[in-house]
Amino acid sequence: MKHYDKQDFPLDQIRRFLEPGPIVLVSSAHKGERNLMTMGWHMMLGFAPARFGCYLWEGNHSYELIRRSGQCAINLPTADMVDTVVGIGNSSGLDGDKFKRFGLTATKAAKVAAPLVAECCANFECVLADASQIERHGLFIWDVVKAHVAVSPKRPQTLHYRGDGEFMVSGPAISRKAKFLPGNL
Ligand SMILES: Cc1cc2nc3c(=O)[nH]c(=O)nc-3n(C[C@H](O)[C@H](O)[C@H](O)COP(=O)(O)O)c2cc1C
């Protein structure tokens with residue numbers, strides 16, 4: 001294995017390495033209003049219940065819809081949707097309905113009011129599990145209560161944000177399954 005020459009790196013840019021994504025679209029609905037935003041800062045927090053955490057900036061219009069409804073849907077776009085992802089992440093729901101503006105189809109979720117994005121290859125319905133870190137860190141902790149996943153492709157080409165306007169696209173798969181402890185698979 002390689003050894004690298006390294007230099008100090010600005011802490012405010014470490015996201016370029018530690019933000020693997022995938023980029024998702026967060027849909028929300030509250031009191032007759034719906035919205036969409038792009039999100040890269042998230043992580044899995046548990047298997048069962050399927051728990052998911054994400055950072056939402058309070059300046060986003062979505063923030064209040066999501067906080068007040070205590071619900072959202074996480075929608076997984078594929079690489080061909082990159083311009084839609086960028087458009088949604090650089091515009092405000094205050095300026096009009098983003099489903100209409102970006103030509104996306106809103107379908108009804110099973111367990112939450114937030115609409116699902118039909119053009120995304122997977123949709124995860126989320127209900128707020130823990131609000132204790134919202135005020136302090138903008139961290140929303142969710143239980144995923146329903147998942148809708150496309151049968152094909154099995155490995156969708158997802159987008160992963162590197163900062164500075166650049167995305168990676170998920171690439172070839174490498175399996176080491178035989179070397180894993182069963183509990184780590
Ligand atoms: C690639 C990308 C990743 C983003 N990640 C996040 C994120 O993790 N959390 C967040 O609060 N905003 C994030 N944003 C910003 C919101 O998507 C953006 O502010 C959006 O316009 C909010 O829309 P709204 O005001 O209609 O809710 C991201 C934007 C882009 C383009």
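Reader: Is Glu64 buried, partly exposed or exposed?
Author: Glu64 counts as partly exposed, at 30% relative accessibility. Bear in mind that this is a predicted model.

Reader: Which side chain does Glu64 meet in a salt bridge?
Author: The side chain of Arg67, at 3.1 Å from N to O. Arg67 is partly exposed too, at 32% relative accessibility.

Reader: How many salt bridges turn up in the whole structure?
Author: A search finds 5. One of them joins Asp97 to Arg34, with the closest N and O atoms 2.7 Å apart. Asp97 is in the loop between H3 and H4 while Arg34 is in strand E2, so this pair ties together parts 63 residues apart in sequence.

Reader: And what does Arg51 pair with?
Author: Asp143, in a salt bridge of 2.8 Å from N to O. Arg51 belongs to strand E4 and Asp143 to strand E9 (residues 139-149), so the parts tied together are 92 residues apart in sequence. Arg51 is partly exposed, with a relative accessible area of 30%.

Reader: Since you mention E4, which strand does E4 pair with, and in what sense?
Author: Strand E3 (residues 42-46) pairs with strand E4 (residues 51-55) in the antiparallel sense, over 4 bridges. A hairpin of 4 residues joins the two, and Met44 stands opposite Phe52 in E4.

Reader: Change of topic. Is Glu125 buried or exposed?
Author: Glu125 is buried, and it has no salt bridge. The nearest side chain of opposite charge is Lys146, 6.5 Å away. Glu125 is found in strand E8, residues 122-130.

Reader: What does the side chain of Glu125 reach, then?
Author: The backbone nitrogen of Ala110, at 2.7 Å. The backbone nitrogen of Val112 lies 3.4 Å from a polar atom of the Glu125 side chain. Glu125 also touches other residues, including Cys72, Leu116 and His148.

Reader: Last one: which residues of helix H3 are buried?
Author: In H3, residues 82-89, the buried ones are Thr84, Val85, Gly87 and Ile88. Seen down the helix axis they fall within an arc of 165 degrees, so they line one face of H3.

Reader: What do those buried residues of H3 pack against?
Author: Strands E1, E2, E10 and E11, along with helix H4.

Technical notes
Residues numbered from 1 in each chain as written. Predicted model: local features only at pLDDT ≥ 70, side-chain atom pairs only at ≥ 80, totals over all residues. Heavy atoms only, no water. Buried < 20%, exposed > 50% of the residue type's maximum accessible area, 1.4 Å probe, protein only. Lys, Arg positive; Asp, Glu negative; His and termini not counted. Salt bridge = Lys/Arg side-chain N within 4 Å of Asp/Glu carboxyl O. Polar contact = N/O pair within 3.5 Å; in protein donor to acceptor, adjacent residues only side chain to side chain. Contact = heavy atoms within 4.5 Å. Pairing = 2+ DSSP bridges. Arc of directions from axis to C-beta. Lists of a residue's contacts leave out its neighbours within four places in sequence.
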